[in-house]
Amino acid sequence: MNLWEMIVVVVVIGAIVKMYLARHGITEDRHGNRIALHSDPDADRLREEVRALKERLAVLERIATDNNRAVDLDREIDRLR
């Protein structure tokens, strides 16, 4: 196989890979990062749920690490019982 045949083979393989990815909804931006053209509704729902859980976790961590607030919270819970 000579140099030109090798170049043609590499270009054909590259074109086949690009067509395969495009067929499955994956493209590349100008920096070469792969991105999905159409998103999955279940994946979007799960991303939103994870974001909400992270926010709740941050609030709980803030409550647990704030010593004065934790003591006040314990007193308030006992008072409500």
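Here is a conversation about how the labels given to this predicted model follow from its values.

Student: What tells us about confidence in the protein chain?

Tutor: The mean pLDDT of the chain is 82, and 91% of its residues reach 70 or more. Confidence is highest in α1, with a mean of 90, and lowest in strand β2 (residues 34–36), with a mean of 73.

Student: Let's take α1, then. How do you know that the distance between its end C-alpha atoms agrees with its number of residues?

Tutor: We compare two values. The helix has 21 residues, and at 1.5 Å a residue it should span 30 Å. Its end C-alpha atoms are 30 Å apart, so the two agree.

Student: What makes Asn 2 a cap for α1?

Tutor: A side-chain oxygen of Asn 2 lies 3.1 Å from the backbone nitrogen of Trp 4. A polar contact needs N or O atoms within 3.5 Å, so the 3.1 Å pair qualifies, and Asn 2 caps the N-terminal end of the helix.

Student: Which residues make the nonpolar surface patch?

Tutor: Met 1, Met 6, Val 9, Val 10, Ile 13 and Val 17 make a patch of about 570 Å². One of them, Ile 13, is found in helix α1 (residues 3–23).

Student: Now for the charged side chains. How many salt bridges does the structure hold?

Tutor: There are three.

Student: Why is the pair Glu 49 and Arg 45 called a salt bridge?

Tutor: Their closest N and O atoms are 3.6 Å apart. The cut-off is within 4 Å, so this pair meets it. Both residues lie in helix α2 (residues 41–65), four residues apart, about one turn of the helix.

Student: What makes Glu 48, Arg 51 and Glu 55 a network?

Tutor: Arg 51 takes part in two of the pairings. With Glu 48, the N to O distance is 2.2 Å; with Glu 55, the closest N and O atoms are 2.3 Å apart. Each distance is within 4 Å, so each pair counts as a salt bridge, and the three residues are linked in a network. In α2, Glu 48 and Arg 51 are three residues apart, while Glu 55 and Arg 51 are four apart.

Student: How do you know that Arg 51 is partly exposed?

Tutor: Its relative accessibility is 38%, so it counts as partly exposed. Glu 48, at 40%, is also partly exposed, and so is Glu 55, at 45%.

Key
Residues are numbered from 1 along each chain as its sequence is written. This is a predicted model: local features need pLDDT of at least 70, side-chain atom pairs count only at pLDDT 80 or more; totals for chains, interfaces and linings use all residues. Side-chain values use heavy atoms; hydrogens and water are left out. Patches are made of residues with over 30% relative accessible area and no salt bridge: like charges are joined within 9 Å, nonpolar side chains (Val, Leu, Ile, Met, Phe, Trp, Tyr) within 5 Å. Accessible areas come from the Shrake-Rupley method with a 1.4 Å probe; for residues, only the protein chains shown count as cover. Helices (H or I, at least four residues) and strands (E, at least two) are DSSP runs, numbered from the N terminus. pLDDT is the predictor's confidence in each residue, from 0 to 100. The expected span of a helix is 1.5 Å times one less than its number of residues. A polar contact is a pair of N or O atoms within 3.5 Å; within protein, one must be able to donate a hydrogen and the other to accept it, and residues adjacent in sequence count only if both atoms are side-chain atoms. Buried means under 20% relative accessible area, exposed over 50%, partly exposed in between (1.4 Å probe, protein chains only).
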